[in-house]
Amino acid sequence: MTSTARSAPTGPAPAPADAPSGTAYRNLVVATVGFTLTFWAWALVAPLGSSLKDSLGLDSFSQSVLVAVPVIVGSLGRIPVGALTDRFGARLMFPLVSALTIVPVLLLIPAKGSFGALLAVGFLLGLGGTTFAIGIPLVNSWFPPARRGLALGVFGMGMGGVALSGYFTPRLYKHDENLPFLIVAAALAVYAVLAWLLIRDRPDRPVPAAPLATRLGQAGRLRVTWELSALYAIGFGGIVAFGVYLPTYLKTWYELSPTDAGTKAAGFALVTVIFRPVGGWLSDRVHPAVVTAWALAAVALLAIVQAFDPTLDPLGTICFLVMAAGLGAASGSVFALVSRVTPQPQVGSVTGIVGAVGGLGGFVPPLVMGAIYSGKGSYSIGFMLLSDLALAGCVYAAGRMRGIGGRA
C-alpha cells in the first residue's frame, strides 16, 4: 500500500517505545469523553421509544424501525469515517463529527411530532455512532504495544454513553421535552472546541495517499478484517443484542416489572463496560486471541446453563453477569488483536469495517429470540444458538487467530 510519512516540524514528540507520553494519556481521556458524549447523542431516540410510540400512535414495528435507524446508520458509517481518519487524522475528525452531530440532535426538537421527520433525523443522528472508528486509530498510534490493550479498553468504555442516555434522557425528557436535546447539543459544542485544542495526531503517523475507495477495498481484501469482524460481531454484537432484548426477556420469562427489568439490564450493561478494559489489560499480558477464546468459552458455558431456565435468583443472575463479563472482555481483546495484526496505515479502515459488523451483529439475535419464543414459547433454543456461536468463536480465536502474532 502506497503511503507518505508526515513530517514533524511541530507538535509533541512521540513517546519512547516503553512508556506512553503525557500527550498519549491526554488524547486517551479526550477521546473517551468524546466517544461517551457522541454515543449518548447516538442513543437519544431509543430511551424515548415508549413515549414517542404513545404520542405518535405507533405500532411496535414502527417503534422498532425508529430505534434501529440511527444504530444501523451509525454502524455502517464507521467504514468511511475510519478510512477518513486514516487520511485526515483524529484531530480534524473528532471535533468535526462531534460538531456535525449537534445538527440532528437539535433537529429532534421540531421532528419529534412526526414519524417521517424522526426517521429522517434519526438517519442523520447515526453520525454520532461513528466516532468509535476515530478513537481506535488515535489511541492505537500513541500507545506502545505493551500498553495498547488497556488503553483501547479504556477508550471502549465510552460505549457507556448508551447507558447514560438510557438513564438520563427519559428523566430529562419528563422534566422538559426539549431539555435532553439542548443539554447534549451544548455538551457536544463544548467538546468540539476542546477536542480541536487538545487532541494531537502523532507527528510521524503514516498518511495513506491512496483514494478512499482504494483503501477501503484494500482493507476489505485483508482476511484478518473479516476474521476480526466475525469475532467482534459475537462479542460486541452480543452486548448490543442483550441491551436491546434483555429487558423484554426478563419481563416475559421471569415476569419482572419494567422497572426491575430495566435495572437488571442496566447492571448487565455496566459489567460489560467494566470488563472491556479488563479484556484489553489481559491482552497486554497474554495473546489477545487467548483472552478472546477464554472469554467466549465462558459465554458458551453460561448460555447452556441459562438455556435450562434456572431461577433468576441467584443462578440466572450469575449467568447473565458472567456472560456480560465475557462479552465485555472479548470486545476489548478483539481490538487489542486489531492493533496486533493490522498495518498501522490501515487501522482506521479496518476498525471501521470491524466496528460496523459488530454493531450490525446485535440486530439479528433479538429477531431470532423473538421468533423462537413466538413459535416455541421458550427461549432455550436461542440460548443454545448463542452457546454454539460463542464456542465457534472460541475455537477459531484459539486455533487460527492465536497464530497471528506479527505487527506491521
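Q: Where is the place of Pro314?
A: Pro314 sits in helix 14. Helices here are DSSP runs of H or I with at least four residues, strands are runs of E with at least two, and both are numbered from the N terminus. The peptide bond that leads from Asp313 into Pro314 is cis, with omega near 5°.

Q: What kind of model is this?
A: This is a predicted model, in which local features need pLDDT of at least 70 and side-chain atom pairs count only at pLDDT 80 or more, while totals for chains, interfaces and linings use all residues. Residues are numbered from 1 along each chain as its sequence is written, and side-chain values use heavy atoms, with hydrogens and water left out.

Q: Why is the chain called as compact as a globular protein of that length?
A: Start with the make-up of the chain, which comes to 17 helices and two strands. The radius of gyration, taken over C-alpha atoms, is set against a globule rule of 2.2 Å times the number of residues to the power 0.38. For 408 residues that rule gives 22 Å, and the chain has 21 Å, so it counts as being as compact as a globular protein of that length. Along the principal axes, the C-alpha atoms fill a box of roughly 65 × 50 × 35 Å.

Q: Why is Thr131 called buried?
A: Buried means a relative accessible area under 20%, exposed means over 50%, and partly exposed lies in between, using a 1.4 Å probe and protein chains only. Thr131 has a relative accessible area of 0%, so it is buried. You will find Thr131 in the loop between helix 5 (115-125) and helix 6 (132-142). Leaving out residues up to four places away in sequence, Thr131 touches Phe35, Thr38, Phe39, Phe94, Val97 and Phe155; a contact here means heavy atoms within 4.5 Å.

Q: How do you know that Leu66 is buried?
A: Its relative accessible area is 4%, so Leu66 falls on the buried side of the cut-off. Leu66 belongs to helix 3 (residues 60-88). Beyond residues up to four places away in sequence, Leu66 touches Val45, Leu52, Leu58, Phe115, Leu118 and Leu119. Leu228, by contrast, is 162 residues from Leu66 in sequence and 29 Å away in space, C-alpha to C-alpha.

Q: What makes Arg202 buried?
A: A relative accessible area of 14% does, and therefore Arg202 counts as buried. Arg202 lies in the loop between helix 9 (179-198) and strand 2 (206-208).

Q: Why is Val224 called buried?
A: Val224 has a relative accessible area of 12%, so the label buried applies. Val224 lies in helix 11 (residues 223-253). The C-alpha atoms of Val224 and Val354 are separated by 9.8 Å, although the two are 130 residues apart along the chain.

Q: Why is Glu255 called exposed, and why does Asp309 count as partly exposed?
A: Glu255 has a relative accessible area of 68%, so it is exposed. Asp309 comes to 28% relative accessibility, and therefore counts as partly exposed. Glu255 is in the loop between helix 11 and helix 12 (258-283), and Asp309 is in the loop between helix 13 (288-307) and helix 14. Phi is positive in each non-glycine residue: near 55° for Glu255 and about 55° for Asp309.

Q: How do you know that Thr263 is exposed?
A: The relative accessible area of Thr263 is 51%, so it counts as exposed. Thr263 lies in helix 12. Its C-alpha atom is separated by 8.7 Å from that of Pro247, 16 residues apart along the chain.

Q: What makes a set of residues a nonpolar core?
A: The set must hold buried Ala, Val, Leu, Ile, Met, Phe, Trp, Tyr and Cys residues joined through side-chain atoms within 4.5 Å. The largest such core has 104 residues, and Met323 and Phe383 have the most contacts inside it. Helix 14 (residues 312-341) gives the most to this core, with 14 residues. Among the residues that Met323 touches, not counting those up to four places away in sequence, are Phe242, Val299, Phe383 and Leu386. In soluble globular proteins, nonpolar side chains tend to be buried together.

Q: How many of the residues of the chain count as buried?
A: Of the 408 residues, 54% count as buried. Among contacts between residues at least 6 apart in sequence, 85% join residues at least 24 apart.
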